[in-house]
Amino acid sequence: MGLYQEALTGAMNLLAEDNRTVFLGQSVAVPGTAMRTTLEDVASNKLIELPVDEDFQMGVATGMALAGYLPVSVFPRWNFLLLATNQIVNHLDKLGELSRLDPAPKVIIRTGIGSEYPLNPGPQHTGDFTEAFKLMCPNLNIVRLDEASQVVPEYKMALERQDGVSTILIEWGDKYAE
């Protein structure tokens, strides 16, 4: 296991210690992606496996946030997260204004830029839409995790922030093996 993957595992364990957190998405409770390997120490009652329906997943995460949970919504790749753009741009980004709660409920979104090594899965799995989402979502904290040293501090900030700002954290699939 590389430093980047170790940092991600540590960050997931840190998030799991909070009673409000719940992890939802594809391959969170069952094997299937590299992200799953970072959740192996998380209690099974905090892992909610969902079908491949990204828009629905993001809606569930937002609803859970409104109910008092701190959802960690896991989308293995940016290209999959694109299917939840409606929920993110039209709802989550504006949740502070729409909910009129102070602070607004928040969601942590975990996604990744697909690994190109040892096998390149092609352009539908290796997109990076960080800058486009920054333009579309001025009320979200969007952070690309370029270095292992960023991982735990950024996830900790997303967990602990008290201003109701949701966070999208972008991982690099190719860094898992470093």
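A salt bridge is taken here as a side-chain nitrogen of Lys or Arg lying within 4 Å of a carboxyl oxygen of Asp or Glu. The structure is a predicted model, in which local features need pLDDT of at least 70 and side-chain atom pairs count only at pLDDT 80 or more, whereas totals for chains, interfaces and linings use all residues. Residues are numbered from 1 along each chain as its sequence is written, and side-chain values use heavy atoms, with hydrogens and water left out.

Under the salt-bridge criterion, the count comes to seven. One of these joins Asp 146 to Arg 144, with the closest N and O atoms 3.2 Å apart. Salt bridges with shared partners connect Asp 128, Arg 144 and Asp 146 into one network. Burial is expressed as relative accessible area, computed with a 1.4 Å probe on protein chains only, where under 20% is buried, over 50% is exposed and values in between are partly exposed. Asp 146 is accordingly partly exposed at 27%, and Arg 144 is partly exposed at 26%. Asp 18 and Arg 20 form a further salt bridge, with an N to O distance of 2.9 Å; here Asp 18 counts as buried at 18% relative accessibility, while Arg 20, at 36%, is partly exposed.

Arg 110 and Glu 171 also form a salt bridge, their closest N and O atoms being 2.5 Å apart. This pair links distant parts of the chain, since Arg 110 belongs to strand S4 (residues 108-113) and Glu 171 to strand S6 (residues 167-172), 61 residues apart. Helices (H or I, at least four residues) and strands (E, at least two) are DSSP runs numbered from the N terminus. Both Arg 110 and Glu 171 are buried.

Helix H1 (residues 3-16) comprises 14 residues and reaches 20 Å from its first C-alpha to its last, close to the 20 Å expected at 1.5 Å a residue, the expected span being 1.5 Å times one less than the number of residues. Its buried residues include Tyr 4, Leu 8, Met 12 and Leu 15.

A nonpolar core is defined as a set of buried Ala, Val, Leu, Ile, Met, Phe, Trp, Tyr and Cys residues joined through side-chain atoms within 4.5 Å. The largest such core has 25 residues, and those with the most contacts inside it are Met 12, Leu 15, Phe 23, Ile 108, Val 151 and Tyr 155. Two or more residues are given to this core by each of H1, S3 and H8, with H1 giving the most, seven residues. When residues up to four places away in sequence are not counted, the residues touched by Phe 23 include Met 12, Leu 15, Val 42, Ile 48 and Val 72. A second, separate core of 24 residues includes Met 58, Phe 75, Val 89 and Ile 109.

Aromatic pairs were assigned to rings of Phe, Tyr and Trp (its six-membered ring) with centres within 6.5 Å, planes under 30 degrees apart counting as stacked, over 60 as edge-to-face and the rest as tilted. A search of the whole structure finds three such pairs. In one of them, Trp 78 and Phe 129 are edge-to-face, at 6.2 Å centre to centre and 90° between the planes. Trp 78 lies in helix H4 (residues 78-81) and Phe 129 in the loop between S4 and helix H7 (130-136), so the pair ties together parts that are 51 residues apart in sequence. Trp 78 is buried, with a relative accessible area of 0%, whereas Phe 129 is partly exposed at 25%. Together with Phe 133, Trp 78 and Phe 129 form one aromatic cluster.

Notes. Contact means heavy atoms within 4.5 Å.
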